[in-house]
Amino acid sequence: MKDIWCTLDINIGVDVLILNRNRKLLTDKLCLHLESLELVNSVNVIDSGSRDEEKSEWTVIGDDSVEVRSKGLRPNRGFNLGIDWWLKRENKADWVLLCPNDTIFTSWNLDFFQKWTANQKISAIVPLSNSSPYTAMLGKRPFGLVWHINEGPIFISKTFIELIVELQNNLFDSTNFRGYMSFLDLAFRSYAGNKGILVTTSVLYEEDVSIIKEQYNIIGTEEQQKNFELMIIEGEKWLSEKYGVQDAG
């Protein structure tokens, strides 16, 4: 089916951007898997200051500065770097999948792409996990319109990316270092522009939590609880400075 769709329209599909930091084998395994799936036009890796021996074979852009080698790029800065590279490409797909390298896809059906590519009111589509409360709420329906979504893999339309980058230079706020509420921030801008965000069970995934629990030193971050505490502390400061509000949650 991949070849048929690409023959009909090379843009009806997805370009993948995966963020890697010191996990070459894990990242390359995900790249190989994604390349075998329908409607995947290209798979590309953003390197977040990895050691040379841990850089993926699929790396197209990265940052080797002293600061990034020490702290990493984290999702917001990392995906902004990848998107900047992607926007300069020719034959870009109509969707980009932003994907952490600890993602394990358990179901993949992109038959919906043609429908939602034609519908300019949808800016992003978020895959669900089996444990997500949205999965149970959807029941037999493959899609649902939402505004509150957690960070993870996300399909974002080319038209929405181009619109936001033209207005604000970057899709994500790079000052929000650990990505606190970054998808919620994205949803605010989507709905403010009269565009919606969908969740779907057509693509399902699980997160390999063992990486942050047991291998955090390899990827150069804090252990899980400390990382969570810093995300809240730094994130609330960012939220207050940007929007002038406190997180009441």
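Which residue does D64 form a salt bridge with, and how far apart are the closest N and O atoms? D64 pairs with R69, and the closest N and O atoms are 3.6 Å apart. A salt bridge here is a side-chain nitrogen of Lys or Arg within 4 Å of a carboxyl oxygen of Asp or Glu.

A word on what you're looking at: this is a predicted model, where local features need pLDDT of at least 70, side-chain atom pairs count only at pLDDT 80 or more, and totals for chains, interfaces and linings use all residues. Residues are numbered from 1 along each chain as its sequence is written, and side-chain values use heavy atoms, with hydrogens and water left out.

**Salt bridges**

The structure holds 14 salt bridges, and three of them are set out here.

| Pair | N to O distance |
|---|---|
| K24 and D28 | 3.0 Å |
| K242 and D173 | 3.2 Å |
| D64 and R69 | 3.6 Å |

To read the burial labels: buried means under 20% relative accessible area, exposed over 50%, and partly exposed in between (1.4 Å probe, protein chains only). D64 counts as partly exposed because its relative accessibility is 40%, and R69, at 35%, is partly exposed too.

K242 sits in helix 10 (residues 224-243) and D173 in the loop between helix 7 (158-168) and helix 8, so this pair ties together parts that are 69 residues apart in sequence. Helices (H or I, at least four residues) and strands (E, at least two) are DSSP runs, numbered from the N terminus. K242 is partly exposed at 37% relative accessible area, whereas D173, at 16%, counts as buried. Salt bridges with shared partners also link D52, K55, D64 and R69 into one network.

K24 and D28 are both in helix 2, four residues apart, or about one turn of the helix. An α-helix has 3.6 residues a turn, so residues three or four places apart point the same way. Both K24 and D28 are buried.

**The second largest pocket**

Helix 2 turns up again here. It gives the most to the lining of the second largest pocket, with four residues, and strand 5 (103-108) is another element that supplies at least two. A pocket, on a 1 Å grid over the protein atoms alone, is an open set of points where a 1.4 Å probe fits, with protein on both sides within 12 Å along at least five of seven lines; lining residues have an atom within 4 Å of a point. The volume of this one is about 180 Å³, taken as the space filled by probe spheres set on the points. Its lining includes L26, H33, F105 and D208. By type, the lining residues split into four nonpolar, three polar and three charged.

Helix 8 is mostly covered, with eight of its 11 residues buried; among them are F183, L184 and L186. After the helix comes N194, whose phi is positive, near 65°.

Y191 belongs to helix 8 (residues 182-192) and counts as partly exposed because its relative accessibility is 33%.

K140 is in the loop between helix 6 (133-138) and strand 7 (143-146), and its 88% relative accessibility is why it counts as exposed. The C-alpha atoms of K140 and T201 are 9.0 Å apart, though 61 residues separate the two along the chain.

Note on methods
Nonpolar A, V, L, I, M, F, W, Y, C, P; charged D, E, K, R; others polar.
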